[in-house]
Structure formats: structure tokens, C-alpha cells
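Look at the sequence and the model below.

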Amino acid sequence: MTRPLPPSLASIASCISGYDPAALPVEQARAFIDQLVPRLRATEMLPLRSALGRVLARDIISSLNVPAHDNSAMDGYAFAGAQLLPDADTILQVVGSGMAGEPYAGQAASGQCVRIMTGAVMPPGLDTVVPQEFVRQEGDRIVVPAGVVQTGDNRRLAGEDLAKGEAALAAGRVLRPADIGMLASLGQAEVPVVRRLRVAFFSTGNELRSIGEPLDEGCVYDSNRYTLHGMLQRLGVDLIDMGVVRDDPQALADAFSAAAANADAVITSGGVSVGEADHTKTVMAQLGDVLFWRIAMRPGRPMAIGRIQAEHGDAILFGLPGNPVAVMVTFYALVRDALLTMGGATPQPLPLLRCAAAHPIRKKPGRTEYQRAIVSPAADGGWQAATTGSQGSGILRSMSQANGLMVLHHDQGNVAAGELVDVLPFEGLL
């Protein structure tokens with residue numbers, strides 16, 4: 001069967017209302033990217049212990065009830081709840097015991113109960129457990145005070161966690177520790193996952209030097225590859241670090257071709273701004289179907305997006321700005337979810353924390369701003385957010401000092417002190 005050709009960038013753009021590559025709102029850029037990126041189809045089976053952080057390839061349907069039987073949620077005494085007296089103590093004779101993995105084999109009659117441990121199977125006909133600390137023991141009898149339990153208390157029902165035939169986990173889920181435990185409770189030794197997304201990345205510019213190289217006059221160490229490496233590691237992708245590529249047409253063409261042949265996505269930093277003197281934009285355009293955007297956001301306005309073709313494959317291109325903070329902000333605002341989607345995951349919106357602005361903030365409507373912020377407890381029990389000071393896109397220290405990004409939305413204007421703003425916390429993200 002012939003594989004259908006992906007839509008051209010022009011056709012995607014035609015579906016975006018009010019599309020303007022010279023002033024593209026963040027939400028429109030996200031919508032465009034979501035239509036552009038393909039989804040991986042290749043899957044593999046992994047041992048359960050190796051599946052943490054991987055993307056589930058298909059729905060998991062429970063093959064059994066979890067728990068398999070009604071069981072006790074407490075250490076105590078099991079009995080038929082119908083025997084409880086509403087206004088007086090209930091006295092029951094203890095006739096045996098049930099342990100987890102060693103159920104009581106007899107039959108408790110009226111007026112009788114069974115000593116039971118947490119997780120033990122409920123004996124036939126018994127539906128209630130009274131915790132051991134609620135009763136008085138008198139020889140082989142217990143006294144249950146009136147009102148301490150009701151019929152059905154402290155009993156876990158068969159299938160209460162998962163019922164046989166019920167969907168346990170949906171395809172596209174990034175597996176977490178609790179998911180691994182739930183799959184283990186189903187007796188599942190292996191799990192189908194999407195193969196890891198392969199991401200190649202490199203920095204461009206003659207002024208960049210890698211760590212360990214001497215710094216010539218006018219040169220700087222390349223920090224972008226290291227922040228990109230860290231952010232990509234958090235996504236669990238396979239990384240191809242291609243280093244620094246100098247501003248030479250042939251070197252750039254070779255790097256893009258090699259990246260497209262070996263990776264599903266290519267991320268570059270630098271060389272996409274209007275008026276750049278280097279060859280990056282020209283080579284990008286020659287090797288693929290690429291658009292150059294000016295996004296209505298700060299920091300991170302310039303960006304390239306598209307497909308790069310190579311002799312043995314092609315890849316989605318994300319050309320990010322060169323300034324260190326702009327690289328990180330653009331990655332989290334536009335690239336992170338796209339990579340998750342490409343890898344088969346179903347991205348969930350990142351949670352925003354509502355905080356009171358600790359001071360006034362100047363903001364122009366018509367663009368989304370991501371200001372580095374320090375979130376701390378407020379006197380009223382809520383949260384407050386203060387910016388880290390200078391918000392220049394080259395001040396990487398501001399990202400290191402911050403514990404969140406204050407998201408000032410497209411239509412939002414100046415913010416007064418005490419006004420509530422949205423903050424994207426870094427915890428679990430950076």
C-alpha cells in the first residue's frame with residue numbers, strides 16, 4: 001500500500017485562521033505544529049521493569065478482577081453486618097482466623113465472627129469488618145460497641161480497583177510508577193510501547209566553542225546544547241548530539257542531511273533571526289519545506305519550522321533562536337508537546353499556578369510573554385510571584401534563579417501588584 005504524502009506546509013497554513021508568519025500568536029503556532037508533526041507507529045515489547053517513562057502503544061484491558069475476591073481493608077474481625085444491634089453492644093464468638101493468602105476455610109454462623117488480617121479473603125456470607133482497636137475481647141468473644149461500624153464497612157470488593165474487561169490504561173500514556181504497579185497487579189510481565197523518538201540537535205555559529213576548547217576573542221561557550229540535552233532527557237527520547245556546526249554552507253548541509261537520515265526530529269539553535277548574516281536559513285530552505293516565523297511571544301520571537309529531506313529519510317525541523325533563554329522558553333512553549341505527540345504520547349496541558357503578582361509588571365497586549373519568576377508563599381496563605389529582575393533573552397542566570405515562568409497571555413495588558421497571574425512551575429519540568 002502506498003503511504004499517503006503528508007500535507008504541505010502551505011496547506012496546513014491555509015487551515016489556520018488569520019495565519020500571518022510575521023506575527024503568529026502562540027496558540028496558532030501550536031495548532032500549526034500539531035497538524036505538521038507525524039506520529040510514530042513502530043512499537044516494541046519491553047519487560048515491565050524497563051517500561052517506566054515509555055509511551056504505551058495500545059490500550060491495556062484487564063484480564064482479571066483486581067482484587068480477585070472481596071477482602072478485608074483492616075486487621076480486625078469479619079462478620080455479617082445484619083447482626084449489628086443499632087442501640088446496644090453486639091457480642092460475637094470468634095470461631096477462626098483468616099490471613100492474607102490463607103483464607104478461613106469454615107463457615108461462620110449467626111452470632112459468630114472470624115479474626116481477619118488486611119488483604120485476607122472475606123469468608124462466605126460475611127460482609128463487614130470491625131477494626132481490632134474498636135472492640136473489647138472477652139475470652140473467645142468480642143464486644144462491638146454500638147455505632148462504631150456499619151454494614152459493609154472496611155471491605156474491599158472484588159474488581160473494586162479494576163474489573164475484568166475494563167480498560168486499565170489507554171494508549172498514549174507515558175507510564176509512571178503507579179502504572180507499572182497496576183500492570184504488575186494484572187500479572188503483565190511485558191508491555192507494548194512505542195519506540196523511542198530519535199532527536200538530533202546542534203548549535204550553529206562561528207562564535208560558538210564547545211567546553212574544553214579555548215575561547216578566542218569574541219567567542220562564547222555553547223550553552224544551548226546543554227540545556228537542550230537536559231530538556232530532551234526529561235522527555236525520554238534518544239539523543240543525537242551533533243555538536244557545534246560552523247557557519248559554512250557545506251558543513252550545514254552535511255549536518256542537516258545526516259540529522260534527517262538518522263533522526264525523527266532535528267532541533268537547531270541560532271541562525272533563524274531576520275537579518276542573520278549566516279547561511280543557516282538558506283540551507284534549511286534548500287533542503288526541505290521550511291517556514292520562517294516571527295511569533296508574537298517574548299522571548300523567542302524567531303523560529304523555523306518544517307521538514308528536512310535527506311537521501312535516506314526526512315525529519316521534522318525545529319529551528320530555535322540563538323539566545324539561551326529564548327531557546328528554553330520556545331522549547332517549552334512549542335516544541336515539548338510536539339515531540340511528545342510525535343513519540344506517540346497524548347500530551348496533557350501543563351498545570352498553571354495562580355499567583356498574586358508581587359509588584360507591577362509592564363506588558364503590551366498582542367503577544368504572549370514568559371517572564372522568569374520566583375514563586376513563594378503569600379501572607380494570605382496563597383502564592384505570590386516576583387520576576388527575577390532583568391528579563392533579557394540572553395540572561396540564562398534568570399532561568400537558573402527562577403522556579404517558574406510567569407505566563408502573561410496574548411491579550412493581557414499591564415499587571416497591577418496583587419493581580420492574579422498564571423505561573424508555569426518548573427518542578428517536574430526542568
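The model is predicted: local features need pLDDT of at least 70, side-chain atom pairs count only at pLDDT 80 or more, and totals for chains, interfaces and linings use all residues. Residues are numbered from 1 along each chain as its sequence is written, and side-chain values use heavy atoms, without hydrogens and water.

The protein has 8 helices and 26 strands (DSSP runs: H or I of at least four residues for helices, E of at least two for strands, numbered from the N terminus). Its radius of gyration is 30 Å, well over the 22 Å that the globule rule gives for 430 residues, so the protein is more spread out than a compact globule. That radius is taken over C-alpha atoms, and the rule is 2.2 Å times the number of residues to the power 0.38. The C-alpha trace spans about 90 × 60 × 50 Å along the principal axes.

Now the largest pocket. It holds about 900 Å³ of space. Its lining counts 36 residues, and V174, R234, L235, R336 and L340 lie nearest the centre. α7 gives the most to this lining, with 5 residues.

| Class | Lining residues |
|---|---|
| Nonpolar | 21 residues |
| Polar | 7 residues |

Ala, Val, Leu, Ile, Met, Phe, Trp, Tyr, Cys and Pro count as nonpolar, Asp, Glu, Lys and Arg as charged, and the others, Gly among them, as polar.

Where does the largest pocket lie? Domain 1 (9-42 + 195-343) and domain 2 (44-66 + 160-194) both give residues to its lining, so the pocket lies between them. The domain bounds come from an automatic or database assignment.

A pocket here is an open set of points on a 1 Å grid over the protein atoms alone, where a 1.4 Å probe fits, with protein on both sides within 12 Å along at least five of seven lines; lining residues have an atom within 4 Å of a point. Points are joined across faces, edges and corners, and the volume is the space filled by probe spheres set on them.
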